[in-house]
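Visitor: Could you walk me through reading charges and contacts in a model like the one we are about to open?
Guide: Gladly; let us look together.

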Number of protein chains: 2
Amino acid sequence: MNKNFEKLKDYMDKGIALSAAMGLFEWDNETLAPSAAIENTSKIMGILAKENHEALINDEVRELFAGLENAEDLTETEKLIVKKMQKEFKKLSAVTAKEYKDYNELTAKSANAWATAKENNDFSGFAPYLEKIIAFNKKTAKNRVEDRTSPYDVLLEDFEEGFTTEVLDKFFGELKEGILPLADKIKEKEDTVRADFLRKSYDIEKQKEFNRFIAEYIGFDFNKGVIAESEHPFTTGWHNNDVRITTHYYENMPESAIFSTIHESGHALYEMNVADKYTLSVLGGGTSMGVHESQSRFMENFIGRSKAFWEPVYPKLQEYFPENLKDISLDDFVKAVNRVEHGFIRTEADELTYSLHIIIRYEIEKQFMEGELDINEIPREWNKKYREYLGITPENVSEGVLQDIHWSQGSIGYFPSYALGNAFAAQFYHKMNEAFDVDEALRAGNIGRVTTWLRENIHQYGATKNATELLRDVTGEELNTKYYIDYLTKKYTKLYDL
Amino acid sequence: MNKNFEKLKDYMDKGIALSAAMGLFEWDNETLAPSAAIENTSKIMGILAKENHEALINDEVRELFAGLENAEDLTETEKLIVKKMQKEFKKLSAVTAKEYKDYNELTAKSANAWATAKENNDFSGFAPYLEKIIAFNKKTAKNRVEDRTSPYDVLLEDFEEGFTTEVLDKFFGELKEGILPLADKIKEKEDTVRADFLRKSYDIEKQKEFNRFIAEYIGFDFNKGVIAESEHPFTTGWHNNDVRITTHYYENMPESAIFSTIHESGHALYEMNVADKYTLSVLGGGTSMGVHESQSRFMENFIGRSKAFWEPVYPKLQEYFPENLKDISLDDFVKAVNRVEHGFIRTEADELTYSLHIIIRYEIEKQFMEGELDINEIPREWNKKYREYLGITPENVSEGVLQDIHWSQGSIGYFPSYALGNAFAAQFYHKMNEAFDVDEALRAGNIGRVTTWLRENIHQYGATKNATELLRDVTGEELNTKYYIDYLTKKYTKLYDL
């Protein structure tokens with residue numbers, strides 16, 4: 001092994017271990033840690049972040065990169081590792097170790113402050129944290145701005161290489177054009193789909209059992225993973241043999257847990273299926289947030305909300321809840337979980353209006369990152385945009401601007417990943433259907449064909465290809481919104497008999 | 001603040017954060033992590049251990065110690081921190097960062113190997129790990145041997161300053177002299193105490209509820225702590241606002257969970273009650289393993305097995321399990337949970353024979369540390385000693401040499417802490433009774449008097465005093481076995497009407 005690379009690998013290992021520790025603390029904070037712990041624990045997390053920073057941003061690593069510039073004895077994987085680390089180096093260099101420590105301490109506390117503010121329906125309890133988080137992101141993004149990019153572009157590209165506001169403005173424009181007319185037409189027919197049976201009482205313990213079953217059915221391997229509960233469902237993990245998801249159970253809304261379990265299992269399969277040779281390296285996770293969301297939203301929607309998927313599975317759900325479902329047909333159930341609702345909550349949104357929720361967040365982020373929106377104006381702007389795009393006004397901040405955890409964790413520029421994920425997923429779905437009849441496989445209970453295709457074409461490669469490279473290799477073209485619009489149009493025209 | 005101390009504090013903070021991360025991974029491995037995770041996770045833990053080593057063992061720290069040697073502007077707390085760090089420095093210096101990394105990777109894996117070997121009743125599955133662990137401890141302890149101490153002394157003093165084999169040989173000699181005649185006399189009367197009602201079926205969910213109640217009753221603060229389940233009950237934590245215990249439930253042995261919950265809660269109260277000014281520093285935990293066990297065994301036995309404790313609590317237990325306990329009197333219950341049984345399992349042992357289990361482990365550790373016992377001979381030696389001290393022969397290694405997790409975690413020299421803990425506890429108990437009538441307080445349900453006394457006299461000081469200093473400050477004398485022997489003699493003479 002190249003001597004410089006060997007030394008660089010030590011730094012990588014250190015970063016991997018420290019990130020894993022931070023990830024475990026985050027998981028623990030969200031799922032288990034006692035309420036009084038956060039103040040002290042956030043100090044610990046700040047120190048770990050500082051160590052993580054110093055493991056990469058130091059003179060020896062800088063010299064190692066220089067020494068490796070024209071090295072000819074690196075394997076392809078080694079080259080990709082160096083490239084990935086250089087990218088991270090550039091990103092972290094924009095901030096000092098001390099700033100990074102303070103920021104991580106802040107975001108650790110901030111997630112708690114957000115949860116409390118949401119519970120108390122009080123934006124002012126979260127605003128000071130959000131203000132600091134935005135200020136930090138603005139400042140550090142400015143240090144990284146290059147030709148033709150803005151600070152917001154810098155953040156967007158952290159989540160999705162190449163997807164700047166220029167690309168996204170066009171992308172969201174196409175989505176609006178495709179979705180809004182469809183959504184408007186359906187709005188008049190919204191109450192033609194019944195969902196009353198989903199508002200009955202569903203025993204939480206039974207829900208847990210069913211969710212475990214459904215995760216396993218999809219391919220979630222409990223030898224390599226854990227399911228727990230948290231306020232906001234999420235996926236995390238530190239290597240391909242330890243991947244964790246959470247869900248959240250509501251007694252009168254069983255589909256909430258079911259589809260978040262399927263969604264997070266989609267993320268989890270991606271992480272579990274990364275090839276062993278990449279795990280515990282910087283190439284060991286999903287390649288980008290957009291591709292990650294393409295996997296989770298693929299599983300949740302393209303697969304999980306299809307009639308074909310439920311054909312072998314729905315009888316099982318009926319067995320768990322006969323009192324509520326024995327007289328409900330498969331068709332009625334599938335219609336109910338696909339019904340369009342112009343609602344407030346993104347995570348509960350149907351496939352059609354989902355992207356509208358994202359557009360709102362994208363536009364607001366763009367505004368406050370470009371200094372056109374003061375923190376205290378965000379709730380009003382939020383409500384204004386909900387009226388504009390969905391025709392409804394949130395009654396309070398809990399179901400408005402405070403509904404999402406992302407900003408409290410410092411994730412600004414993340415939201416577009418969900419919409420990109422939808423579009424990527426539609427492209428993968430189209431391609432998969434060329435390989436075999438997906439519905440036929442699902443109807444036969446043979447979901448393994450789907451997950452095998454995903455593993456072979458996407459998952460195994462971890463972070464070795466970026467989204468555009470992956471799309472090109474798998475589908476032969478780059479981002480193309482057409483597939484997603486076509487899919488939505490076909491699906492909802494049929495469902496609502498338009 | 002002294003500039004050198006300020007710099008040293010950064011290294012301390014780093015060590016604290018890395019230790020916390022390692023502690024969280026250990027907790028997670030024992031309570032939640034998926035089965036396939038350990039191989040990769042142990043690599044992460046090895047790297048964190050290496051970082052932890054390098055955070056202390058480096059030239060700058062060495063110079064800082066030199067610069068602080070005659071510093072006159074340090075507070076008392078700062079002086080104690082320097083002293084404690086120097087002790088740790090000396091200990092860690094005996095091993096290179098690489099060796100330390102490998103060793104921690106080994107012990108992370110080894111705890112799993114132990115669990116599997118125990119389950120399969122197969123010593124050979126664990127022997128290779130034990131061999132490496134012993135070899136490492138021998139080698140590194142040899143580097144630290146000073147005048148008149150042996151490698152085993154070095155390990156013993158890691159857990160209890162000043163308690164070398166010379167002191168412990170005398171201590172265990174006194175215990176034997178006091179306990180063996182008493183235990184022999186009772187052996188003939190063992191079957192006079194009924195415990196059949198404890199072998200009925202006790203619903204696990206109800207047990208969990210009761211254990212939660214009992215922990216809270218003792219003073220375990222769920223805002224600052226968590227209870228989970230693991231094969232081997234233990235306590236851990238990273239600061240005074242995050243302390244965690246585990247227990248293990250058996251359907252036909254409810255007292256197992258109850259007394260391990262009380263035991264671990266005793267540990268937890270110690271950690272939770274350390275003063276805020278010491279937490280997140282090297283003074284922030286319990287001062288030694290012996291003192292820690294004095295707190296856990298105090299709660300478990302002196303308090304938790306007393307009739308006075310159960311007077312207000314037993315009716316609650318009867319409410320939970322009326323079908324098993326409604327006709328069992330308080331006296332019969334208390335007798336049953338105090339009955340002497342010459343059994344195989346240390347953690348299930350009564351107070352009287354408990355120390356015999358410890359003597360056996362002490363003698364075996366001494367033998368293999370002094371090279372007088374080969375790894376493969378340990379099971380035979382174990383059984384021989386069980387015949388000698390308890391008159392019984394384990395039928396298999398699961399209930400013999402493989403019953404304890406300690407060696408798999410690298411804890412050699414830990415076991416004497418339990419016996420020392422018993423003796424310390426008896427001294428504290430004697431002193432507490434001079435301050436107020438303990439039984440009277442317990443009968444009145446006023447256990448807060450007990451925990452307040454412990455907090456004020458012991459817990460709040462964290463690691464600022466070693467065991468001997470603490471004993472002296474609290475009781476006015478050093479280790480004195482008399483109190484423990486007197487307590488046992490009085491208790492068991494009465495219980496068995498000798």
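**Reading salt bridges, surface and contacts**

Guide: Let us start with a pair in chain A: Glu174(A) forms a salt bridge with Lys170(A), and their closest N and O atoms lie 3.2 Å apart. This is a predicted model, in which local features need pLDDT of at least 70 and side-chain atom pairs count only at pLDDT 80 or more, while totals for chains, interfaces and linings use all residues; side-chain values use heavy atoms, with hydrogens and water left out. Residues are numbered from 1 along each chain as its sequence is written, and chains are lettered from A and ligands numbered from 1 in the order in which they are written.

Visitor: What counts as a salt bridge?
Guide: Side chains of opposite charge can pair when their charged atoms come close. Here the term means a side-chain nitrogen of Lys or Arg within 4 Å of a carboxyl oxygen of Asp or Glu. Over all chains, a search of the whole structure finds 72 salt bridges.

Visitor: Where do Glu174(A) and Lys170(A) sit relative to each other?
Guide: Both belong to helix α8 (residues 165-187) of chain A; because they are four residues apart there, about one helical turn separates them. Helices are DSSP runs (H or I, at least four residues), as strands are (E, at least two), numbered from the N terminus.

Visitor: Which residue makes a salt bridge with Glu205(A)?
Guide: Lys208(A) does, at 3.5 Å from N to O. Glu205(A) is partly exposed at 47% relative accessibility, and Lys208(A) is partly exposed at 27%.

Visitor: Is the pair Arg297(B) and Glu300(B) buried or exposed?
Guide: Arg297(B) has a relative accessible area of 2%, so it is buried; Glu300(B), with 5%, is buried too. Their salt bridge has its closest N and O atoms 3.6 Å apart. Both residues are in helix α11 (residues 289-303) of chain B, three residues apart.

Visitor: Which residues are linked in a network of salt bridges?
Guide: In chain A, Lys176(A), Glu363(A), Glu381(A), Lys384(A) and Lys385(A) are linked this way.

Visitor: Now for contacts: which residues does Thr164(B) touch?
Guide: Contact means heavy atoms within 4.5 Å. Not counting residues up to four places away in sequence, Thr164(B) touches Asp153(B), Leu156(B) and Glu157(B). Thr164(B) lies in the loop between α7 (151-159) and α8 (165-187) of chain B, and its 13% relative accessibility makes it count as buried.

Visitor: Which residues are in contact with Leu330(B)?
Guide: Leaving aside neighbours within four places in sequence, these are Lys307(B), Trp310(B), Glu311(B) and Tyr314(B). Leu330(B) itself is in helix α14 (residues 330-336) of chain B.

Visitor: How far apart are Leu330(B) and Thr149(B) in sequence and in space?
Guide: They are 181 residues apart in sequence and 50 Å apart in space, from C-alpha to C-alpha.

Terms used. Buried means under 20% relative accessible area, exposed over 50%, partly exposed in between (1.4 Å probe, protein chains only).
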